[in-house]
Amino acid sequence: MAKPIVVIAEELSPATVEALGPDFDVRNVDGTDRTALLSALAEANAVLIRSATQVDAEAIAAAPQLKVVARAGVGLDNVDIKAATEAGIMVVNAPTSNIVSAAELTIGHLLSIARHIPAANASLAAGEWKRSKYTGAELFEKTVGIIGLGRIGALITTRLQAFGMNVVAYDPYVTTARAQQMGVQLLSLDDLLATADFITIHMPKTPETTGMIGTAQLAKMKKTAYIVNVARGGLIDEDALAEALANNVIAGAGLDVFVSEPVSPDSKLLGLPNIVVTPHLGASTEEAQEKAGVSVAKSVRLALSGELVPDAVNVAGGVIDPTVRPGIPLMEKLGQVLAGLAEAPLASIDIEVRGEIVEFDVSVLRLAALKGLFSNTVSEQVSYVNAPLLAEQRGIAVRLMTDATSADYRNVLTIRGATSDGTQLSVSGTLTGPKQQQKIVEINGFDVEVPFAEHLIVMLYTDRPGIVAIYGKEFGDAGINIAGMQIARKGAGGQALSVLTVDSPVPEGLLEAVRAAIAADSLREIDVVDE
């Protein structure tokens, strides 16, 4: 079989290709050459990029086989996530690859502006010796205000506490208990601005945070205070900052990021003596680049093998516990079976997880159920990414329910569906034995125990003598081999359910003949794809 095609659109570390391994056809292209990029994407299953390649709606439309866009870094401004999601394409990045580098650069900026290191260096390099001009301030026993106490904020906290600094923070999503564990006092933004001697911002860029530090906020700071931004350009209003620095409203600033990059040489910020600027170096260390490349290479391997990826930004997933992982393919197959049982559009879906497994995060099983549900019933490429969107577009209400009690098996996974005509459907499965064999253990209220097979026949009819002989003869005469069979009933003379596994697809005409011959209430062939 042909190897999956992975397009590398920008220069990445050699370790990235090594992490991909020999299982892929790796092709290199200049992602800034639009024509070459679109041509390469026509056959690509995955594309690896950094910040220069634009994967927009046009690029996504040109890539019918694309399953994953991998950004070797944190930012995703150059990826149209909405278009990718609608196309069922997973978008992944390396969110932790540069956190140490970004934290260390923040410390570097704080020291540089506090001790005037860049200006003093330039002065000495020009032949001057002006010690008194560059008298600075110590960090020791000063207060640093951290706006955004996430992963980078936490790293900076520990590093600055080692300098003997008092740390205060503003973060509406961090609890007081968590802050206390870190030795940090939570304050309102206004109180932080008024209290801190040094301020550093580590917030994501959103409509709410863009320009969050403007003229009014800078005016609340101490005249001796410094502010640093290595997170995202635009969190600080650049015009307001330039004015505040020029008028000595604050003592100084350090910037690694800008609203527009590369920053214009005419920017008011670049000519000021009390600012330190760097050209977006937050992730520019050999270690961070290698971590980012290796991280997304591993994500590509997972994505192309059909697995969920913890670092996918457009999939509601996360780290999957090993106990939960075997349930993912089982739930996908149950979704396929439920879709095959439905003779009218589904209106609602309940996904039930029962047993010991509910001690862990099982939210991934909701995605697996929806992926299986749509995999054989829609024309679009279905993935963990767009399966919830497909349900929403079709008006299907979806619920995930858990129960620690499971009467007959350690764990049971169930999907219940209600169709638009009011029909109630259900299918349950479990994993048995040391090899974790996947089995169907219930269909529409009938208890069965049937291993999955590529071709299933599910028949519902009135229980009476001779039925097995009738359909056995029909299938035998047509050359359809029955590999396995199980019959379940709730009482003699009532309804019975037969589940057959057969070795080959059954022609529609034969299904209709069997349906008529046994006067079946329902007869469905269900093809189960092992993805």
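Predicted model: local features only at pLDDT ≥ 70, side-chain atom pairs only at ≥ 80, totals over all residues.
1. One partner of α13 is helix α14, made of residues 363-375, and the two pack at an angle of about 40° with their axes 7 Å apart. Because angles under 35 degrees count as roughly parallel and those from 65 to 115 as roughly perpendicular, α13 and α14 are therefore described as oblique to each other. Their crossing is right-handed. On the α13 side the contact is made by G327, I328, M331, E332, G335, Q336, L338 and A339, while α14 contributes V364, L365, A368, A369, K371, G372, L373 and S375. As background to such spacing, an α-helix has 3.6 residues a turn, so residues three or four places apart point the same way.

2. Turning to the sheet, 7 strands form an open arrangement with parallel pairing, in the order β8-β7-β6-β9-β10-β11-β12. Strands β8 (185-186) and β12 (275-277) stand at the edges with a single partner strand each, so one side of each is left without a neighbour in the sheet.

3. Within this sheet, strand β6, residues 143-147, pairs with strand β9, residues 198-201, in the parallel sense over 4 bridges. Which residue of β9 is the bridge partner of I146? That partner is T200.

4. Helix α11, formed by residues 238-246, lies across β10 (226-229), β11 (252-255) and β12, and runs at about 145° to β11.

5. Some backbone details deserve a reader's attention, given that most residues other than glycine have a negative phi, and most peptide bonds are trans. A cis peptide bond joins E261 and P262, with omega at about 0°, and P262 is found in the loop between β11 and β12.

6. N444 has a positive phi of about 50° although it is not a glycine, and its place is in the loop between β17 (437-443) and β18 (446-451). Is N444 buried or partly exposed? With a relative accessible area of 26%, N444 is partly exposed.

7. A519 likewise shows a positive phi, here of about 55°, without being a glycine. A519 sits in the loop between α17 (508-518) and β22 (522-527), and with a relative accessible area of 47% this residue is partly exposed.

Definitions and conventions:
Residues numbered from 1 in each chain as written. Heavy atoms only, no water. Pairing = 2+ DSSP bridges. Contact = heavy atoms within 4.5 Å. Axes fitted to C-alpha atoms, helices over the stretch in contact; angles between N-to-C directions. Buried < 20%, exposed > 50% of the residue type's maximum accessible area, 1.4 Å probe, protein only. Parallel < 35°, antiparallel > 145°, perpendicular 65-115°, else oblique. Left-handed = near helix turned anticlockwise from the far one by under 90°.
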